[in-house]
Amino acid sequence: MPTWMGWIEHAVLKEGSMSFSSTKALLLVPSLGAFFFACQKGDPATPPEGNGDSGPAVSAEPSVPSYEEIVLPAEPQRPGDPDAGYRALLNEAYVPCGVPYSAYSSVYGVAPESDRVPGREGLNAELAYDLTAYKTPGGVQLVTSNCLTCHAGRINGKLVVGLGDANRDFTLNQTATAEGVGLLISDPAERAEWRKWADRIAAIAPWAVLDTVGVNPADSFTGVLFAHHEPKTLAWSKTPLIALPATPVVLPVDVPPWWRMKKKNAMFYNGEGRGDHARFMMTASILCTSSVEESRAIDRYFPDIRAWITSLSPPAYPYPVDAALAGKGRSVFERTCSRCHGRYGEPGSYPNKVIPLEEIGTDPALVLDQAEFSAQFATWYKESFFGETSRLEPQRGYIAPPLDGIWATAPYLHNGSVPTVLALLDSKSRPQFWTRSGDSNDYDPQALGWRHTPLDHGKDGEKNSAAKKRLYDTSRDGYRSTGHTFGDALTDEDRGAVLEYLKTL
Ligand code: HEC
Ligand code: HEC
């Protein structure tokens with residue numbers, strides 16, 4: 001990477017350490033999501049049970065739950081055309097700001113084959129899957145970001161659109177890099193476009209940095225982007241219109257796979273995305289949009305994108321499966337797990353249940369922060385263009401997700417704190433501190449998930465900065481791997497059978 005990054009490093013950022021991945025990451029767009037601003041009111045978290053030693057384990061005879069589980073009902077969705085949706089997803093510029101193409105192409109050549117996906121048109125055909133070309137009304141050619149920044153991932157080396165990217169690096173603050181790009185641009189119209197984009201990156205940058213590779217900050221910066229827009233007009237405001245905490249709280253989130261949306265009645269881990277899903281999905285454009293008119297034009301084709309997303313099926317498990325064992329696992333699963341995760345095959349069912357924090361016991365930070373601080377954001381949302389047809393309604397728990405294609409979506413739980421399904425189903429075996437390579441070929445078909453190395457120390461005990469970024473430390477708030485102890489009571493044999501069954505979903 002001799003050119004762009006090297007150039008900027010020489011010109012302005014002598015102290016800064018940057019990498020190729022940071023350049024890619026800086027084209028990020030928000031996801032939708034979540035609004036949680038923690039810790040303004042002291043410590044809201046009642047710490048959940050420790051690993052495996054308490055919590056409402058489910059036995060062979062499920063007891064009546066003592067907490068209120070909520071079932072989220074289906075709501076009407078706008079119809080769309082999945083093929084048109086795929087085309088739009090890969091070719092339309094729904095995040096309409098970015099880096100002038102002249103600056104981009106002075107650094108990067110055409111994308112290698114391994115970074116391309118089929119169905120891309122014009123200039124897009126030469127760009128990596130996570131970048132989209134856009135000519136502004138004023139005629140400036142830009143390279144912008146798209147949904148696949150976070151929603152395309154690799155498994156066994158293969159890029160899968162709709163799989164969450166479990167290896168993207170969000171550990172660097174992008175402000176300086178975005179400023180540095182300006183040194184590559186002299187044309188005034190191009191500079192104006194660059195400035196717009198760099199200002200927005202600067203606004204979210206502190207909210208888009210995590211210290212661990214492989215988890216995603218999108219939930220944390222989406223609220224910040226709302227705060228920087230006037231709700232009625234969606235005009236950009238340089239200063240936030242909703243007070244943000246002085247110290248950013250950035251929570252780690254694992255990106256869920258899109259194929260779940262076929263079954264889900266609400267979006268997001270805490271079920272807060274209600275009403276018209278297509279309208280909610282397009283909130284990701286708010287990194288760049290500045291008017292209702294612009295947003296409405298983008299919204300016109302989002303029912304098609306939603307239709308494509310809900311047409312997706314997971315990739316099939318690529319290794320042998322012991323059918324007899326899986327059959328046995330199916331009955332254990334239906335006895336122990338189906339009441340939350342549903343039934344698979346014919347006839348299938350999926351209950352769309354939110355399991356309250358007290359019962360699920362997984363890290364509460366995401367839910368508590370969103371629940372506690374969402375009032376202003378809910379009001380913003382309601383008053384805004386997005387609130388015309390969709391609603392922001394955080395629940396006090398996590399949705400039990402559909403488990404289709406679960407073999408491919410490691411790491412597990414909403415915060416990606418558990419590296420394999422096997423460890424998820426036996427809470428005492430979950431590593432407290434662990435690391436993995438980030439190479440999607442490091443797949444463990446026995447444990448279903450990422451091969452990893454348990455460590456005897458957390459972040460504080462790691463001196464090597466590269467190793468530290470790759471260390472997942474479950475002793476910290478937001479990163480805990482507690483709860484979901486429903487597999488603990490199973491015998492090893494039954495657990496193995498359930499694992500085999502999960503491979504077939
Ligand atoms: C910067 C990363 C990022 C980008 C870009 C992004 N998302 Fe997401 N997306 C996430 C994360 C993280 C979640 C999980 C948030 C949660 O559930 O709290 C998510 C959740 C979702 C979900 C809900 C899935 C479920 O099971 O509930 C959908 C649908 C979705 N995104 C669609 C999109 C679309 C469409 C785009 C582009 C217009 C997009 N996202 C752009 C990170 C991103
Ligand atoms: C009481 C409801 C409930 C029961 C019973 C239950 N689960 Fe879950 N499960 C959940 C919830 C809620 C989550 C999401 C928790 C989170 O992300 O914090 C989850 C998450 C998971 C995940 C991880 C999903 C992901 O993508 O990260 C797997 C795998 C899973 N459950 C498998 C099982 C199996 C197998 C059983 C039976 C042995 C089971 N569950 C029993 C509620 C339940």
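In the hairpin formed by β5 and β6, two residues lie between the strands, and N156 adopts a positive phi near 50 degrees.

- Strand β5 covers residues 152-155 and strand β6 covers residues 158-161; the two pair in the antiparallel sense through four bridges.
- R154 has L159, a residue of β6, as its bridge partner.

- L172 is located in the loop that runs between β6 and α6 (175-181).
- Is L172 buried or exposed? L172 counts as buried because it has 22 C-beta neighbours inside 10 Å, where the cut-off for a buried residue is 20 or more.
- L172 and A208 are 36 residues apart along the chain, and a distance of 8.4 Å separates their C-alpha atoms.

**The open sheet**
- An open sheet is formed by three strands in the order β14-β11-β15, with antiparallel pairing.
- Its edge strands are β14 (453-454) and β15 (471-473), each of which pairs on one side only.
- Strand β11 (residues 433-435) and β14 run antiparallel and are joined by two bridges.
- Within this part of the sheet, T435 is placed opposite T453 of β14.

**Helices α3 and α12**
- Helix α3 comprises residues 82-91, and its residues G85, Y86, A88, L89 and L90 are buried.
- The cover over the buried residues of α3 includes α11 (302-309).
- In α12, the buried residues are G329, R330, V332, F333 and T336.

**The surroundings of ligand 2**
- Ligand 2 is surrounded by 27 residues, and the closest are C337, C340, T362, A400 and H414.
- Which elements give two or more residues to this shell? They are α13 (338-341), α14 (357-360) and α17 (421-424).
- The greatest contribution to the shell around ligand 2 comes from α13, which gives three residues.
- By residue class, the shell around ligand 2 holds 18 nonpolar, seven polar and two charged residues.

**The protein as a whole**
- The secondary structure of the protein amounts to 19 helices and 15 strands.
- The protein has 505 residues, of which 52% count as buried.
- Of the contacts between residues at least 6 apart in sequence, 78% join residues that are at least 24 apart.

**Confidence of the prediction**
- The average pLDDT of the protein is 88, and 86% of the residues score at least 70.
- Over residues 1-62 the pLDDT stays under 50; for this stretch the model has 146 contacts beyond four places in sequence.
- Where pLDDT is low, the predicted coordinates should not be read in detail.

Methods
Residues are numbered from 1 along each chain as its sequence is written. Chains are lettered from A and ligands numbered from 1 in the order in which they are written. This is a predicted model: local features need pLDDT of at least 70, side-chain atom pairs count only at pLDDT 80 or more; totals for chains, interfaces and linings use all residues. A residue is buried if 20 or more other C-beta atoms lie within 10 Å of its own, exposed if 12 or fewer, and partly exposed in between; C-beta atoms are placed from the backbone. Two residues are in contact if their C-beta atoms, placed from the backbone, lie within 7 Å. A residue is near a molecule or strand if its C-beta atom, placed from the backbone, lies within 6 Å of it. Ala, Val, Leu, Ile, Met, Phe, Trp, Tyr, Cys and Pro count as nonpolar, Asp, Glu, Lys and Arg as charged, and the others, Gly among them, as polar. Two strands pair if DSSP finds at least two bridges between them. pLDDT is the predictor's confidence in each residue, from 0 to 100.
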